[in-house]
Amino acid sequence: MRSARLVARGGRVRLRAPERGDFRDWQYFRLLDEHLLRPVEPTLDTDWASAHDRRAFRRLLRGWRVAEREGLAVTAVIEVDGHFAGMLTLGSITPFPIAHAWIGYWVGSAFTGGGVATAAVALACDYATKLGIHRIEATVLETNGSSESVLERCGFVFEGVAREAFHMDGEWRDHRAYARVSAASAVESIVAAGYARYEEAEKFPPERRA
């Protein structure tokens, strides 16, 4: 995935494919924000440090690439002003006539509060539409009001409570279930609402290609 940029309060946001060179930034934010991430992510079968060493990252990277090649999932880095800021996944992609996927994301604590997650989710929703995905689902803990706000800004609607949906931080937890069923552009929606604006591309030099 490689998206256009949106300008949020927190900076210029875009999505791109993860690379081996992302390891240090990925590890830094995952370790720094363990106290924030561990309670809202599936229970690990190892300790947090081991799950975030270089070997673990390489396994994940291989898995992300295989899943994308097979059309099962798309995982992207969230960038802010060219810096690694978090990650996002469109997972369990199922083709027509089901045309469903789920979305999950995290943003490093240094980049929260500036509309970065909202811009990233909107970009991903529009990308999902291009893939032919009709319904995007998301689940959040009832204590995660900020994530609920992100989803609602991007056109997700609350559908109910999924009882004991995921094993997180050592126990089964209920989740609030949301879904987006719309062919309308999520990007256009958040821009119209003032949560982000389009980048004026001519103000920035062309990106250097690797």
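How many bridges join β7 to β8, and do these strands run parallel or antiparallel? The answer is 8 bridges, with β7 and β8 running antiparallel. Keep in mind, as you look around, that this is a predicted model.

## The sheet as a whole

Let us start with the overall layout. The model has an open sheet of 9 strands, and their order across the sheet is β7-β8-β6-β5-β4-β3-β2-β1-β9. The pairing in this sheet is mixed. At the edges stand β7 (157–168) and β9 (197–198). Each of these has a single partner strand, so one side of β7 and one side of β9 are left without a neighbour in the sheet.

## The β7-β8 hairpin

Back to the pair from the opening question. β7 and β8 form a hairpin, with 2 residues between the strands. In the turn, aspartate 169 has a positive phi of about 50 degrees.

Strand β4 (residues 83–94) pairs with β5 in the antiparallel sense, and 7 bridges link them. Within this pair, glycine 91 is found opposite tryptophan 102 of β5.

Next comes a parallel pair: strand β5 (residues 100–107) and strand β6 (residues 135–140) are joined over 3 bridges. Alanine 101 has isoleucine 136 in β6 as its bridge partner. Together with helix α4 (residues 116–130), strands β5 and β6 make a right-handed β-α-β unit.

## Helix α4 on the sheet

Which strands does α4 lie across? They are β1 (6–8), β2 (11–16), β3 (74–80), β4, β5, β6 and β8. Relative to β2, helix α4 runs at about 35 degrees.

## Helices α1 and α3

Two packed helices are described by the angle between their axes and the distance between the axes. For helix α1 (residues 23–32) and helix α3 (residues 54–69), the angle is about 110 degrees and the axes are 10 Å apart. Since angles of 65 to 115 degrees count as roughly perpendicular, that makes α1 roughly perpendicular to α3. The crossing of α1 past α3 is right-handed.

Which residues make this contact? From α1 they are Phe23, Arg24 and Trp26, and from α3 they are Arg54, Phe57 and Leu60. By class, the residues of the contact of α1 with α3 comprise 4 nonpolar and 2 charged, with no polar ones.

Terms used:
Residues numbered from 1 in each chain as written. Predicted model: local features only at pLDDT ≥ 70, side-chain atom pairs only at ≥ 80, totals over all residues. Heavy atoms only, no water. Pairing = 2+ DSSP bridges. Helix = DSSP H or I, 4+ residues; strand = E, 2+ residues; numbered from the N terminus. Right-handed = clockwise from strand over helix to strand, strands pointing away. Axes fitted to C-alpha atoms, helices over the stretch in contact; angles between N-to-C directions. Parallel < 35°, antiparallel > 145°, perpendicular 65-115°, else oblique. Left-handed = near helix turned anticlockwise from the far one by under 90°. Contact = heavy atoms within 4.5 Å. Nonpolar A, V, L, I, M, F, W, Y, C, P; charged D, E, K, R; others polar.
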